[in-house]
There are 4 protein chains.
Amino acid sequence: MSSIFGTLFRISTFGESHCKGVGVVIDGCPPNLSLTEDDIQPQLDRRRPGQSDVTTARDEKDKVSILSGTENGVTLGTPIALFVANRDQRPVDYGDMSSIPRPSHADYSYQMKYGIRASSGGGRSSARETIGRVAAGAIAEKILQERFGIEIVSWVKSVGTLSVDNLDLNNINRSSVDKSFVRCPDLQIAELMMEAIIDAKKNSDSLGGIVSCICRNVPAGWGEPVFDKIEAKLAQAMMSLPATKGFEIGSGFNGTRISGSEHNDMFLKKGAKLGTKSNNSGGVQGGISNGEPIIFSIAFKPPATIGKPQETVDFDGNSVILEAKGRHDPCVVPRAVPIVETMTALVLLDLALRQQAKLNPE
Amino acid sequence: MSSIFGTLFRISTFGESHCKGVGVVIDGCPPNLSLTEDDIQPQLDRRRPGQSDVTTARDEKDKVSILSGTENGVTLGTPIALFVANRDQRPVDYGDMSSIPRPSHADYSYQMKYGIRASSGGGRSSARETIGRVAAGAIAEKILQERFGIEIVSWVKSVGTLSVDNLDLNNINRSSVDKSFVRCPDLQIAELMMEAIIDAKKNSDSLGGIVSCICRNVPAGWGEPVFDKIEAKLAQAMMSLPATKGFEIGSGFNGTRISGSEHNDMFLKKGAKLGTKSNNSGGVQGGISNGEPIIFSIAFKPPATIGKPQETVDFDGNSVILEAKGRHDPCVVPRAVPIVETMTALVLLDLALRQQAKLNPE
Amino acid sequence: MSSIFGTLFRISTFGESHCKGVGVVIDGCPPNLSLTEDDIQPQLDRRRPGQSDVTTARDEKDKVSILSGTENGVTLGTPIALFVANRDQRPVDYGDMSSIPRPSHADYSYQMKYGIRASSGGGRSSARETIGRVAAGAIAEKILQERFGIEIVSWVKSVGTLSVDNLDLNNINRSSVDKSFVRCPDLQIAELMMEAIIDAKKNSDSLGGIVSCICRNVPAGWGEPVFDKIEAKLAQAMMSLPATKGFEIGSGFNGTRISGSEHNDMFLKKGAKLGTKSNNSGGVQGGISNGEPIIFSIAFKPPATIGKPQETVDFDGNSVILEAKGRHDPCVVPRAVPIVETMTALVLLDLALRQQAKLNPE
Amino acid sequence: MSSIFGTLFRISTFGESHCKGVGVVIDGCPPNLSLTEDDIQPQLDRRRPGQSDVTTARDEKDKVSILSGTENGVTLGTPIALFVANRDQRPVDYGDMSSIPRPSHADYSYQMKYGIRASSGGGRSSARETIGRVAAGAIAEKILQERFGIEIVSWVKSVGTLSVDNLDLNNINRSSVDKSFVRCPDLQIAELMMEAIIDAKKNSDSLGGIVSCICRNVPAGWGEPVFDKIEAKLAQAMMSLPATKGFEIGSGFNGTRISGSEHNDMFLKKGAKLGTKSNNSGGVQGGISNGEPIIFSIAFKPPATIGKPQETVDFDGNSVILEAKGRHDPCVVPRAVPIVETMTALVLLDLALRQQAKLNPE
């Protein structure tokens, strides 16, 4: 288990599906920051299931409480504990299902690792685990926004084979993203994505997709070569999210197909500073931010829980047909949008503090 | 700066282009392992520039010395320091070039971060930095091989637009990979790749590519959810390498385009254990190895240093034409192969030790 | 702020006097351990104020809840969150006192560090902070006891100038320690200590003392040279407790006064293993346990909060007379006993896991 | 093994008695600091054996080389590797001695931990291990001195039963300390200490002692509660040194014998800031520096290697008489002085960087 992340802004998350609740402790939050639950709840609400037909019908309220670390709405510099109660805290009897490792789920690998696993839900591998990250990341976002003017915006770039590729990245913001339930800012394609997801649901099947993210106003100089390069920490953060299978920054995999002379980002003057003409680097050079927008994408596989019958085996190797019951997300990418934003904030704020630690001669 | 990696098998790398040398200290190497320089040198030789026309013409010998941590060819359990001397230790006078940040290089971002940068070569952002990783990783490979029978094999999957997609992954090994200088096991495509690289060189240009990697015989149960999931640590490790722009595991970005019922890996009996029919998961479920081969790929951008004239600006914002002199790799992916293998070994061994730390009731 | 401790059994504590509560998240607890609140509550009860006349009259119930990480009374290997609610969660208006930094308290240094401090109580520097440590340490104790047979026993060695020096260390156990409220196993001296503490209370004054600790059955081989030697981690752990001013192990400061020939612990055969005749080393050689009992002591200063008028200055430097109101511990050492035991367990279990991580050839 | 220390200014030390050499890699040294070997060598020279009759007669030159991290005498912000070659790199055949664990040495515990140990010298438990710490700490001292005006001075407070207790702490500096070979600033007592050490040597015996340290001009606000309180990290650092058995800060163990009203440090105005009248706190309150001098002491046991015959057993449990040959320090405290100073600098600089990381609103 390694549920601690960060060097100076460190979070320790906890909780699984059917215990008393989920949450996080933040160690290293700067003091003297105004902070109440209202700063945190909005991203939890965006993450929450049950927001539309394209996400699960479960209606979890997910109200966050600040247990420590603030007084009169101001941070003390001490650890901030955040807690969200689970509404159903009883382990459910999944009957025979407990003897069948669900295909492409974590049942088998958790059992092999720990010799035990939560009897119901996904335990710690369930998407519910991300609540602690989102709550802590909402605080990180607030600090980055207030002290550096940083904007982090994620959106759904693709669902299955439906993809939006020609967005004007300058005009994407959270309100344009939230105009559709699928959180794709191109409303025409968003409509098609909605239909595709509803179709998948009808077919007891599921769909994957790609979430993209842009970070504006990140100062040049963040990132700690060589192992904590900014793209390395972003990649770790994103690939630690459930259901992720890929990460790319800037030109990404497509960038391998063009020549160096096409790929290089020429410098030019932008006001008092230097900037680049193109941004194939995705805002990062040598593992350090260069002042241009940081742009990256994450691949989310189709959810493993599907209603369709699956021919598999139980833990003893006996052939079985598995049909999942209950309500499931046919596509996670709309709800992944706030998760990606807040994880990004956790990475950036930690690197910001580490850069600030460098002593200046005067 | 963050040149320390790992939790229990921890490495601390050092060195840049024109100092006395480069190297690494390993803290936490298990005792009683037979170890001499001969165990380490082969991967350094595979990483070394000057192996063929498709890599740079510089002939660096890169002979490694074990400075501490062994006695009579056996590890003591104490820190192992490894050192490779630089042949040319004088900072070179690059003249006017020092006032021009090279496009898509780290000159500008290093200067913004540190307020100073190495006057010549790439300093710490140069590929020479990877020597410490490769040396330490060669030891990790040896341990993984001897104690778990693990095989890690990387190869060049694509160079520019030339790609090999239908390899029989069961038959790839280091000797089949090394049959061509480009380290692509499909010799016909390898030939085309060679030509493409030589063409790029003639044109004073450069090419990117994709390196893939397979890890066989990794036991089920490795990986530390939630932040140190096996794919999260692999992603961090790979994206910390110079020139990387993307990472994907298993089905990766393509996996987002198929439905859950197609993507799910059904379980079946494999001898005494369970395995999966397909391997879209890439050997990992819920962040934990499931016993199937771990398979992933990394995107390397085309090298930024090219001979072609580039219209850019100097640090003061004045327009300049930059033409790089000297010998440069027109394509880094062949040399990246051993780097990917050894970084993979560093990730896996650290997770192996962490898994072993879990107390068993017996 | 650094409220995270440990490498493999890592705890993250939170909470201060007047927030919603205090607690801890444990990351890395081994799976398959039977665990309920009943395993944790006894040490919290021993730590609790209001147990007798010699501790404060506040009656805090300090009931612990397990929020996550177990199912049906068994640990899952996932993070275990523990929580103890504060009974009075409103910041108290201390009136003028908030403008006066209490002598030998943390008011001034917290204000200088954070630019803010909790308006009442000691905030994070209050003894209430230790609840998270004790709760987590109670779990560590249970694991050490069940899996290694390790016994950790602390006792009060001195209060002010009253000291017990000739105890038979073989016969001390928790029940003999708890026979007196001051937790000194020599009941005659315990009686004198009680009187001294009651006298100090009457005089609106306070007393310090020394707590000693013995750890039996620790296997040889624990401790991670050079920086995480067993005595180094114990010293860090103990000196991180409120009000501690000194730590010594084995012969300690007195050991500096004798010659090497008197100090050396000669080896002899003890059953199938080697042991030592004397134990000036305190169970540790070269930073590694040698199989003999680990014995150490900690100095606790007299509590800073006293009723006696004190001539000091306010934050603006104006002379004031300060008289503390309210209920305070005149002597903390009796309540420090379970705190020392549980912190010791946290250190030992983490080192046990780290030692277990070392790969064995067969 | 855990040879890495620090959070932001991190050192990784390596090397034992008979390998190629000893050294350290510093990760996180601030850039733009002037630095050459001349800044490091003086403390290594003070640490070096063979300085007088009271230390060993071995004449090791211990010349340090900077292998990386600087260019033209200025730090780059990249890892700084420092190396000191061993003069005799061949493992010595200690003959029968290898079958006898030396009493109060680390032979037995290393063997139990690692299943192997260096065949000669103390391996990693030898005092030679401290060279890496001293070299790195000399750099930390320079930064603390230049950027904060911090002075760190250690001295020998006692040797055996000879102790100097009434020093004027304001007037101690390195030159007054170095006036005697034993590094006790009271020259009369220093003379007696010299005689005692020479006597012990004649008797083939050894002596322990206490080293004290004062840190002036440390700003208020350093130290990271709760686990990385300044006294907790100092205690860890000091207790990680070979041969240490105790640590105390401020009033220490004696402070437990007086009442709170005597022990409390009253505040008063000192220029524009607050200070305290007495300094029983030793410059630290609540784990955070308060601007007063930080004062602490460390107990060093008498060296275990003595010429006197010792009745002990070999690894198989057979009775033997052991007489150590060769040259040994009869008393380590004079050489411990620079080691304590440099370890202190490592602790303080790391905490300085961590405090600086806290974001300020403007």
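This is a predicted model: local features need pLDDT of at least 70, side-chain atom pairs count only at pLDDT 80 or more; totals for chains, interfaces and linings use all residues.
## Chains A and B: the interface

Chain B puts 88 residues in contact with 88 residues of chain A. On the chain B side, the top contributor is helix α6, residues 230–239. This helix supplies six residues. By class, the chain B side splits into 35 nonpolar, 36 polar and 17 charged residues.

Strands also link the two chains. Strand β11 (residues 244–249) of chain A is joined to strand β11 (residues 244–249) of chain B by three bridges. The two strands run antiparallel. Within this pairing, A:Gly246 has B:Glu248 as its bridge partner.

## Chains A and B: the symmetry

Two copies of a chain are related by a rotation about an axis and a shift along it. For chain B on chain A, the turn is 180 degrees and the shift along the axis is 0.0 Å. The RMSD of this superposition is 0.0 Å. That is the relation of a two-fold axis.

## Chains B and C: the interface

Here eleven residues of chain C are in contact with twelve residues of chain B. Helix α8 of chain C, residues 333–356, gives the most to the chain C side, with three residues.

## Helix α5 of chain C: length and end

Helix α5 of chain C covers residues 187–202, which is 16 residues. At 1.5 Å a residue, the helix should span 22 Å. The C-alpha atoms at its ends are 23 Å apart, so the two values agree. After α5(C) comes C:Ser204, with a positive phi near 55 degrees.

Which residues of α5(C) are buried? They are C:Ile189, C:Ala190, C:Met193, C:Met194, C:Ala196, C:Ile197 and C:Ala200. These residues cover an arc of only 165 degrees around the axis, so they lie on the same side of α5(C).

What covers these buried residues? The cover includes two strands of chain C, β8 (151–159) and β9 (162–163). The other side of α5(C) has exposed residues: C:Leu187, C:Gln188 and C:Lys202.

Note on methods:
Residues are numbered from 1 along each chain as its sequence is written. Chains are lettered from A and ligands numbered from 1 in the order in which they are written. Two residues are in contact if their C-beta atoms, placed from the backbone, lie within 7 Å. Helices (H or I, at least four residues) and strands (E, at least two) are DSSP runs, numbered from the N terminus. The expected span of a helix is 1.5 Å times one less than its number of residues. A residue is buried if 20 or more other C-beta atoms lie within 10 Å of its own, exposed if 12 or fewer, and partly exposed in between; C-beta atoms are placed from the backbone. The arc is that of the directions from the helix axis to the C-beta atoms. Ala, Val, Leu, Ile, Met, Phe, Trp, Tyr, Cys and Pro count as nonpolar, Asp, Glu, Lys and Arg as charged, and the others, Gly among them, as polar. Two strands pair if DSSP finds at least two bridges between them. Copies are superposed by least squares on the C-alpha atoms of residues with pLDDT of at least 70 in both.
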